[in-house]
Amino acid sequence: MSEPTRATPALRLEKVSKQFGAVVAINEFSLSVHRGEVVALVGDNGAGKSTLIKLISGVHPPTSGDILLDGQSVRAADASAARRLGVEVVYQDLALADHQPVYMNMFLGRELVKGPFRRLDKRRMARETQALVDELDVRIPSAKATIRDLSGGQRQGVAISRATHWAQRLVLMDEPTAALGVAETARVEELIERLRGRDLAILLVSHNLDQVFRLSDRITVLRRGVQIGTRLTAETSKNEIVSMITGLQEADA
C-alpha cells in the first residue's frame, strides 16, 4: 500500500451492500473512520450492525461496493486476511480460549517459536504480554493466569489488549461491555480511550447510548440495513439518535 496521509481515512466504506439470497442485509452503506477517532454504529437488533462488522473483518464478502484501508481498496478473503491487513475485532463473546493462559490467548494463531524444532517460546510470549497489560493498566493477576479464572472485565481487557497488540489500522468492537457491571464497564471504556491515543481507528457497536455519547466522535445509525444518517456526537442528542433508530426521523437525503 502507498503511504497514507493524515487526511486519508483508516477505513472507508463506499456503497457497501450485502445480500443473503433475496434478503438485503446491508444496502449501500458508506462511512469513513479516521485514525484516533471513535465512530459508534447504533441501531436496533436486526439492523445489520453485526453483518457490517463481518464484512469489514472478512467473515463475509460484500455483494457490492468497496472497502478501503488507508485509501487502498481491499477484499479480504477471510478473517485471517483481514487481520494481516491490520484489522482486529473485539467480539461480544470475546473469542478467548478459557483453558489457556492470558499470554497464549494474546498470541493465539500467532504463537512465537524458537529453536530448530520450533518449540513454543512461552517465556517470551508471557514477557511481552505482561509488558502490554502493564502499559494499558489491565489489572489481571499475571500474564500466566488462566482465562477462566478472570472476571468478565478482566477478560474483556485481555481481548482489547490483544486487539491493541496486533491492530495496525482499525479495531472493530461489537458490544464490548454488554455483560459487564458499572465498574468493569468504566475500566473497559478507559482502555478504549487508550486505543484512541495509540492512533488507531475504532468502530464501536453499542446499544448503550450513554456509552456512545461518552466515547464517540461521530454516531452513524443503521435501520433494517439502511444507513439513516451520521451525526457529530457533540452536535446531536440522545433524543435525535433514538428517533433515527426507531424510524421517527427519516433517512438523510
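## A helix under cover

A residue is called buried when its relative accessible area is under 20%. In this predicted model, six of the eight residues of helix H1, which spans residues 49–56, are buried, so the helix is largely enclosed by the rest of the structure.

Strand S4, made of residues 64–69, runs antiparallel to strand S1, made of residues 11–20, and five bridges join the two. Within this pairing, serine 17 has serine 64 of S4 as its bridge partner.

S4 is also joined to strand S5, residues 72–74, by three bridges, and these two strands likewise run antiparallel. Here leucine 69 has glutamine 72 of S5 as its bridge partner. S4 and S5 together form a hairpin with two residues between them, and aspartate 70, which lies in the turn, has a positive phi of about 50 degrees.

## Positive phi in two loops

Most residues other than glycine have a negative phi. Against that background, arginine 118 can be noted for its positive phi, which is near 50 degrees. Arginine 118 belongs to the loop between strand S7 (113–114) and strand S8 (119–120), and because its relative accessible area is 60%, where exposed means over 50%, this arginine counts as exposed.

Aspartate 199 is not a glycine either, yet its phi is positive, at about 70 degrees. Aspartate 199 sits in the loop that connects helix H6 (182–197) with strand S10 (201–205). With a relative accessible area of 30%, aspartate 199 is described as partly exposed, because that value falls between the limits of 20% for buried and 50% for exposed.

## A patch of positive charge

On the surface, a patch of positive charge is formed where Lys114, Arg119, Arg123, Arg127 and Lys144 gather. Where in the chain does lysine 144 lie? Lysine 144 is found in the loop between helix H4 (122–135) and helix H5 (152–166). Its relative accessibility of 61% is the reason why lysine 144 counts as exposed.

Conventions:
Residues are numbered from 1 along each chain as its sequence is written. This is a predicted model: local features need pLDDT of at least 70, side-chain atom pairs count only at pLDDT 80 or more; totals for chains, interfaces and linings use all residues. Side-chain values use heavy atoms; hydrogens and water are left out. Patches are made of residues with over 30% relative accessible area and no salt bridge: like charges are joined within 9 Å, nonpolar side chains (Val, Leu, Ile, Met, Phe, Trp, Tyr) within 5 Å. Accessible areas come from the Shrake-Rupley method with a 1.4 Å probe; for residues, only the protein chains shown count as cover. A salt bridge is a side-chain nitrogen of Lys or Arg within 4 Å of a carboxyl oxygen of Asp or Glu. Lys and Arg count as positive and Asp and Glu as negative; His and the chain ends are not counted. The place of a charge is taken as NZ of Lys, CZ of Arg, CG of Asp or CD of Glu. Helices (H or I, at least four residues) and strands (E, at least two) are DSSP runs, numbered from the N terminus. Buried means under 20% relative accessible area, exposed over 50%, partly exposed in between (1.4 Å probe, protein chains only). Two strands pair if DSSP finds at least two bridges between them.
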